[in-house]
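Trainee: I would like to learn how to read this model, one feature at a time. Where do we start?
Mentor: With the structure itself, then the ligand, then the sheet.

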Amino acid sequence: MFYPQVPLVMSVSHEGRVTAMPVVSYASVSDSPPMVAVSCLKGGFTCRLALKARSFSLCILDRTHAGAVAKLGSTSGSAVKDKLAVAGLKHRKGSVLGVPVIVGSVASLECELRSRRGIGDHVLLISEVMAARAAGSFIQYWDFAKYAPILYVGWKDGLATFPGA
Ligand SMILES: Cc1cc2nc3c(=O)[nH]c(=O)nc-3n(C[C@H](O)[C@H](O)[C@H](O)COP(=O)(O)O)c2cc1C
């Protein structure tokens, strides 16, 4: 009932492994300092690696990358060295933290874990935003003539979007 939602891709690197997953359970929870919270299923590979690394990036990808987002959301990073590469996405190191930032993303946040809190079957990762960047399609507000967001409406034999992909 909360959909549509714009997914973010949470990416982590730790001890030579790179993994990532789309998330829609996120929120901006403080302006000063800037903090975001992400809710991750307990025991998930990307979640566990983020808890070890204590840092991650959150990237926004536009509609042209819906296929890669679907791949990240339907496979596990546990069996591969670089899940972003397997999904066809290149990454570079963040400007402040060593987190993987997806090349071609329209915006990215570099986040440092400040606290965690178990909530039911999920764990809430509460993080401070240490760096943020956005493409030219964002100047105070998104220019939707230049940026077509992925509007996720659920998983129906694949990643379903509005309007239909
Ligand atoms: C659009 C989308 C949004 C998702 N949002 C979340 C989320 O907010 N939290 C979560 O734990 N899983 C979420 N998932 C599921 C994970 O992305 C998925 O289980 C992923 O394959 C986990 O990867 P991992 O095994 O490498 O950790 C979402 C999936 C999709 C497709």
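Trainee: How many residues surround the ligand, and which are the closest?
Mentor: Keep in mind that this is a predicted model. Here 23 residues surround the ligand. The closest are Ser25, Thr46, Gly73, Ser76 and Gly77.

Trainee: Which elements each supply at least two residues of the shell around the ligand?
Mentor: β2, β4, α1, α2 and β12 (152-155) do. β2 gives the most, with four residues.

Trainee: How do the shell residues divide into nonpolar, polar and charged?
Mentor: Twelve are nonpolar, ten are polar and one is charged.

Trainee: Now the sheet. In what order do the strands run, and what is the pairing?
Mentor: Strands of a sheet pair through backbone hydrogen bonds, either parallel or antiparallel. In this model seven strands form an open sheet, ordered β2-β1-β5-β8-β9-β4-β3, and the pairing is antiparallel.

Trainee: Why is one side of β2 and of β3 left without a neighbour in the sheet?
Mentor: β2 (17-23) and β3 (26-30) stand at the edges, and each has a single partner strand, so one side of each lacks a neighbour there. On average, neighbouring strands of this sheet are turned by 35° against each other, direction ignored.

Trainee: Over how many bridges do β5 and β8 pair?
Mentor: Six, linking β5 (residues 55-60) with β8 (residues 107-119) in the antiparallel sense. Ser57 has Glu110 as its bridge partner in β8.

Trainee: Which strands does helix α1 touch?
Mentor: Helix α1 (residues 45-53) packs on the sheet and touches β1, β2, β4, β5, β8 and β9. Its direction makes about 55° with that of β1.

Trainee: And which strands does helix α2 touch?
Mentor: Helix α2 (residues 66-74) also packs on the sheet, touching β1 and β2. Its direction makes about 105° with that of β2.

Notes. Residues are numbered from 1 along each chain as its sequence is written. This is a predicted model: local features need pLDDT of at least 70, side-chain atom pairs count only at pLDDT 80 or more; totals for chains, interfaces and linings use all residues. Two strands pair if DSSP finds at least two bridges between them. Axes are lines fitted to C-alpha atoms, for helices over the stretch in contact, and angles run from 0 to 180 degrees between N-to-C directions. Two residues are in contact if their C-beta atoms, placed from the backbone, lie within 7 Å. A residue is near a molecule or strand if its C-beta atom, placed from the backbone, lies within 6 Å of it. Ala, Val, Leu, Ile, Met, Phe, Trp, Tyr, Cys and Pro count as nonpolar, Asp, Glu, Lys and Arg as charged, and the others, Gly among them, as polar.
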